[in-house]
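Here is a short briefing for a reader new to this structure. Look over the sequence and the model, then work through the points below.

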Amino acid sequence: MSGTDKVADIVPIKRPVRWHIFVFMLPAVIVYSAVMVLPLIETLRLSLYNTVDGQPAFVGLANFKVLFGNPRWAHDFWNALVNNVIFFAIHMCVQNPIGIALAALLSVPKLRGVAFYRTAIFLPTLLSFVIVGFIWKLILSPIWGVAPWMLDLIGLKFLFAPWLGKPGSALIAVSLISNWQYIGIPMMLIYAALLSIPEEVIEAAECDGITGWAQFWKIKLPLILPAIGIISILTFVGNFNAFDLIYTVQGALAGPDMSTDILGTLLYRTFFGFQLQLGDRSMGATIATVMFLIILAGVSLYLFVIQRRMRRYQF
């Protein structure tokens, strides 16, 4: 028998189809589709319709023209969008840098009580936003709050003001409350990234005389840039989906004078209505679609532009 005949007699091995993978994934796919995919598709579809003579009618991009062209709608939308950008910027400039600094301190080898500090800083993240909002409203209250008394103890009572009741400071105050609650998330993610750096890299840096904060800036920080990128995009998505804390602290009207109004609260009032304002499902879906497009653009920018440039730092 020739070599060609032997090759012809070889029967390829057929790998069995792993149906059990699809069976185990099916419940998750069904739940995710019912909770996320189908509502998203329905929201996008509803933004292209409006009610005409009591019946839904396809109007194309007319709702978007109203949102951006009508003076009343445009004023509320751009006010909410600007506030949302400020809300996000405060988180990026306060929450994430402090979270990185705390993670760097907790990663110091000889630091005592690391487990206690990690738990204490991360604990507010586990609290309900209703509890957090209510507690901070009590703390900052000019009538029965403890903030004036605490500032008086250190001789700084003159600095106290009704921050949640002033249009110029309300958004900053709510943003800082949100930073206090969620600062544990970037801290833990960066802390895990610092612990994952190989010991060989640290030992090589120490052999070259790079220690202390110089080691963090020159060696560790470039290596944890991918983790910082993940934290930044999670902050972006979370802030442009934010609603709960603003609603708890300032209400659906996001006062005072809508100075804390963001896209989430604007969407809530528009879709469901509030007090004398009737709900408008089509315009609410339009605002939700714009929010989705903003988040999609930010995530796409990170995935296809920023992440590619940071891959060279990954092991």
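A residue counts as buried under 20% relative accessible area, as exposed over 50%, and as partly exposed in between. Phenylalanine 68, with a relative accessible area of 39%, is therefore partly exposed. The model is predicted. The points below cover aromatic pairs, salt bridges and surface patches.

**Aromatic pairs**

- The count of aromatic pairs comes to 18.
- Phenylalanine 68 and phenylalanine 77 form an edge-to-face pair, because their planes stand at 90° and over 60 degrees counts as edge-to-face. Their ring centres are 5.3 Å apart.
- Phenylalanine 77 has 1% relative accessibility, so this residue is buried.
- The rings of phenylalanine 243 and tyrosine 268 also have their centres 5.3 Å apart. Their planes meet at 35°, so this pair is tilted.
- That pair links distant parts of the chain, 25 residues apart. Phenylalanine 243 sits in the loop between α12 (225–240) and α13 (244–250), while tyrosine 268 belongs to helix α14 (residues 263–272).
- Phenylalanine 243 is partly exposed, at 24% relative accessible area. Tyrosine 268 is partly exposed too, at 24%.
- Ring pairs join Phe243, Tyr247, Tyr268, Phe271 and Phe272 into a cluster.

**Salt bridges**

- How many salt bridges does a search of the whole structure find? The search finds two.
- Side chains of opposite charge can pair when their charged atoms come close.
- Glutamate 42 is partly exposed at 36% relative accessibility, and arginine 45 is partly exposed at 38%.
- Arginine 269 and aspartate 261 meet in a salt bridge, at 2.9 Å from N to O.
- Are arginine 269 and aspartate 261 buried or exposed? Both are buried.

**Surface patches**

- Val31, Tyr32, Val35, Met36, Val37, Leu38 and Ile41 make a nonpolar surface patch of about 670 Å².
- Valine 37, one of these residues, is found in helix α2 (residues 19–46). Its relative accessible area is 32%, so valine 37 is partly exposed.
- Glu199, Glu200, Glu203 and Glu206 gather in a surface patch of negative charge.
- Glutamate 203 lies in helix α10 (residues 199–207). With a relative accessible area of 45%, glutamate 203 is partly exposed.

Terms used: Residues numbered from 1 in each chain as written. Predicted model: local features only at pLDDT ≥ 70, side-chain atom pairs only at ≥ 80, totals over all residues. Heavy atoms only, no water. Patch = residues over 30% accessible without salt bridge, like charges linked within 9 Å, V, L, I, M, F, W, Y side chains within 5 Å. Areas by Shrake-Rupley, 256 points an atom, 1.4 Å probe, with all protein chains shown as cover. Salt bridge = Lys/Arg side-chain N within 4 Å of Asp/Glu carboxyl O. Lys, Arg positive; Asp, Glu negative; His and termini not counted. Charge placed at Lys NZ, Arg CZ, Asp CG, Glu CD. Helix = DSSP H or I, 4+ residues; strand = E, 2+ residues; numbered from the N terminus. Buried < 20%, exposed > 50% of the residue type's maximum accessible area, 1.4 Å probe, protein only. Phe/Tyr/Trp six-rings, centres within 6.5 Å; stacked < 30°, edge-to-face > 60°.
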